[in-house]
Amino acid sequence: MKEEYTQDELQEIIDNVDLYNYVCESTDIEFKKHIGKIHYCNCVFHDEKTASLAFFEETNTFHCFGCGEGINLIDWLRKYEHLSFRDAVEKGRELAGIDTLHDYHTTQTSSSLEVFKNIKK
């Protein structure tokens, strides 16, 4: 298992897994409202009675308007499935059908977690 990932490698994983479909297929979360390509459910990260967790198909992201959790597939895997960053990236790689991550030539020396934080912006 790799220890370091480039921004391109992480972005490839995020771009190749449909987050909303993955959540629908792998959880029993009940979506309560759909407005176009935005889907709402009760947040799984805090107690609430209204649907404040939104999944945005066009950007392949999620966000809770109540607690602020969210962003992309790797965040979902880390928070919902309680995986470490490395395990979330590896599971994302498997979900994306990427057998081996490409050998990206980069001079970036920051840690993978720092690279991931840059993708989220």
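Predicted model: local features only at pLDDT ≥ 70, side-chain atom pairs only at ≥ 80, totals over all residues.
## Thr27 and its neighbours

Thr27 touches Trp76 and Tyr80, leaving aside residues up to four places away in sequence. Thr27 lies in the loop between helix H2 (19-26) and strand S1 (31-35). With a relative accessible area of 16%, Thr27 falls under the 20% limit and is therefore buried.

What does the side chain of Thr27 reach at 2.7 Å? It is the backbone oxygen of Val23. The side chain of Thr27 also reaches the backbone nitrogen of Ile29, at 3.3 Å.

## The aromatic cluster

Both residues that Thr27 touches, Trp76 and Tyr80, belong to one aromatic cluster, together with Tyr20, Phe31, Phe45, Phe55 and Phe62. A pair of aromatic rings is described by the distance of the centres and the angle of the planes. With ring centres required to lie within 6.5 Å, the count comes to 9 aromatic pairs. One of them joins Phe55 and Trp76 in an edge-to-face arrangement, 5.5 Å centre to centre and with 70 degrees between the planes. Phe55 lies in strand S3 (residues 53-56) and Trp76 in helix H3 (residues 73-80), so this pair ties together parts that are 21 residues apart in sequence. Phe55 and Trp76 are both buried.

Trp76 has another edge-to-face partner in Phe62: the ring centres are 5.2 Å apart and the planes stand at 90 degrees, which is over the 60 degrees needed for that label. Here, too, the pair links distant parts of the chain, with Phe62 in strand S4 (residues 61-64) and Trp76 in helix H3, 14 residues apart. Are these two residues buried or exposed? Phe62 counts as buried because its relative accessibility is 1%, and Trp76 counts as buried because its value is 0%.

## The S1–S2 hairpin

Strand S1 runs antiparallel to strand S2 (residues 38-41), and 4 bridges join them. Ile35 stands opposite Ile38 in S2. The two strands form a hairpin with 2 residues between them, and Gly36 in the turn has a positive phi of about 60 degrees.

How far from the centre of the Tyr40 ring is the charged end of Lys33? The distance is 5.0 Å, and the charged end of Lys33 sits over that ring.

Definitions and conventions
Residues numbered from 1 in each chain as written. Heavy atoms only, no water. Phe/Tyr/Trp six-rings, centres within 6.5 Å; stacked < 30°, edge-to-face > 60°. Buried < 20%, exposed > 50% of the residue type's maximum accessible area, 1.4 Å probe, protein only. Lys NZ or Arg CZ within 6 Å of the ring centre and 35° of its normal. Polar contact = N/O pair within 3.5 Å; in protein donor to acceptor, adjacent residues only side chain to side chain. Contact = heavy atoms within 4.5 Å. Pairing = 2+ DSSP bridges.
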